[in-house]
Amino acid sequence: MAPLLNVAGLQAWYGESHILHGVDLHVNAGETICILGRNGMGKTTTLRSIMGILSKRTGKIEFDGADLMNVTLHRTARAGIGFVPEERGIFATLSVQENLMLPPKVADGGMSVDEIYNLFPNLKERRNSPGTKLSGGEQQMLAMARILRTGAKCLLLDEPTEGLAPVIIQAIGDVLRELKKRGMTVVLVEQNFRFASKVADRFYVMDHGKMIAEFPVADLPNQMTMLNETLGV
Amino acid sequence: MTTIFGYPLVVWMGQLLLGLINGSFYAMLSLGLAVIFGLLRVINFAHGALYMLGAFVALLMATHLGINYWFALVLAPLVVAAGGAVVERTMLSRLYKLDPLYGLLFTFGLALLIEGTFRYFFGASGQPYAVPGALAGGMNLGFMFLPIYRGWVIVASLVVCLAVWLLIEKTKLGSYLRASTEDPVLVQSFGVNVPLLLTLTYALGAGLAGLAGVLAAPIYQVSPLMGTNIIIIVFAVVVVGGMGSILGAIVTGYLLGIAEGLTKVIYPEASNIVIFVIMAIVLILRPAGLFGKDA
Ligand SMILES: Nc1ncnc2c1ncn2[C@@H]1O[C@H](COP(=O)(O)OP(=O)(O)O)[C@@H](O)[C@H]1O
Ligand SMILES: [Mg+2]
């Protein structure tokens, strides 16, 4: 079966600076992959290029059989990809509820607001307060929750556990496993591979704008020496 | 006779009313400027010209097509809004990636072009626009004589400002607008057509200016320069209220109109500059404006 998301030879630039030097990755439907890599290696840039936020890019991006290279930014989401940015992007002038309802539905089969509030009870309690009055963990939950409503088939999730307390990291892990049960496809960017090993099926290791390794989760123990070296942990 | 600070109540009330009427125009115009600035980050120097355009479209509709005030009140702002949409789509939108100064210079040039064209065809002198029959005459309020048309302008502008505020604060479209003001790229990555939203926003601001122009036509003379005269004050209003603050623009518009009116009672010579004096004081004490967020 063809992968849901297929990226080949992706290069991307911020102005004059060449950041991605030919990224290859694929994600099968229902799979969770995780991109590991040190700071500044191009993980965020990869996600932003797939979304089309970075428009200076070459190579191939196919999603669900459609070519995404010549698609304007607001059409990428319509194809069924949802983006949860590293900085979370919660809007201060919108209430929690408005933040949740903001992204337009792109397909049927998204979670209902009730289901979302069951999954994230904190958000329900605070639905009328301004989005940025939430704690960091709650903001991360909200950033994920608002994409789950839209019916997107594939979630691009950029360092969801960054700067969060262990109990919240655990809650995010629970959410990701629940999403996998529902058949969601996830591209996860993480530096915390202990967390990632509990949710991801397959790993990519990114270094200076390229994927330098790819292995399934079962192979993780054999890769520890390499990971310790490249990630510098 | 009742007096306050030695001036008869009638005088106070008369100037308060005059101030409220001017304030109605300040509020509608600065509201449009604030909406445009908030989302497009463009200081729309063409705003005065669009206001003038609204008045002229109404006048030309009346003289050439026999379209009455009530239809003009709807049609003229739509014409100005449509013109604004075309300008945004074909020209202004190309400048967003550049320094904000380009947007300012472009709209400034556009204002000169529109005003120059109207001066060429209609001369600099004003032309009267008749008060619609249903709003002619006045009412004796006991303490003063209120021309009905002026009362209508105050009510109409309050309703319009409230409607725009509700649109922005309470609707789905408004939440797109507010979110795009914070982070347009992220909103677009959610699948919202942000470029279209920018066009609609400029059209909304232009339409508001056009509507203010139609409302102004029966009060002031319709002249190619009417926009130049008012826009300087409106910019001061926006500075006092705080750039981009919707509520700030509305409230400050009315308040400064009133301040200007009341100054006429006490010290008429200062009434032309009182708004600028307030602007200077606000800039010293609170540079972000009364309603602006401190940077
Ligand atoms: N907006 C930007 N403009 C220019 N360079 C950028 C920008 N964002 C990131 N970079 C550069 O691109 C490289 C990759 O960054 P990024 O994709 O954010 O890395 P990661 O997410 O792996 O930490 C870094 O060298 C960074 O300095
Ligand atoms: Mg990053």
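The buried residues of helix α7 in chain A pack against α4 (113-119), α6 (136-148), β7 (154-158), β8 (185-189) and α8 (193-197) of chain A, where contact means heavy atoms within 4.5 Å and buried means under 20% relative accessible area, exposed over 50% and partly exposed in between (1.4 Å probe, protein chains only). Helices (H or I, at least four residues) and strands (E, at least two) are DSSP runs, numbered from the N terminus. The model is predicted: local features need pLDDT of at least 70 and side-chain atom pairs count only at pLDDT 80 or more, while totals for chains, interfaces and linings use all residues. Residues are numbered from 1 along each chain as its sequence is written, chains are lettered from A and ligands numbered from 1 in the order in which they are written, and side-chain values use heavy atoms, with hydrogens and water left out.

Helix α7(A) comprises 16 residues, 166-181, and reaches 23 Å from its first C-alpha to its last, close to the 22 Å expected at 1.5 Å a residue; the expected span is 1.5 Å times one less than the number of residues. Its buried residues are A:Ile169, A:Ile172, A:Gly173, A:Val175, A:Leu176 and A:Leu179. Viewed down the axis of α7(A), these buried residues fall within an arc of 160°, so they line one face of the helix; the arc is that of the directions from the helix axis to the C-beta atoms. On the other side of α7(A), A:Pro166, A:Val167, A:Gln170 and A:Lys181 are exposed. Just after the helix, A:Gly183 adopts a positive phi of about 90°.

Strand β1 of chain A (residues 5-14) has two antiparallel partners. Six bridges join β1(A) to β4(A), residues 57-63, and A:Asn6 stands opposite A:Glu62 in β4(A). With β2(A), residues 17-27, β1(A) pairs over eight bridges, and here A:Ala12 faces A:Leu20 in β2(A). Strands pair if DSSP finds at least two bridges between them. The hairpin of β1(A) and β2(A) has two residues between the strands, and in it A:Gly15 takes a positive phi near 55°.

Ligand 1 is surrounded by residues including A:Tyr14, A:Ile19 and A:Arg38, each having a heavy atom within 4 Å of the ligand. A polar side-chain atom of A:Thr44 lies 2.6 Å from an oxygen atom of ligand 1.

Methods:
Polar contact = N/O pair within 3.5 Å; in protein donor to acceptor, adjacent residues only side chain to side chain.
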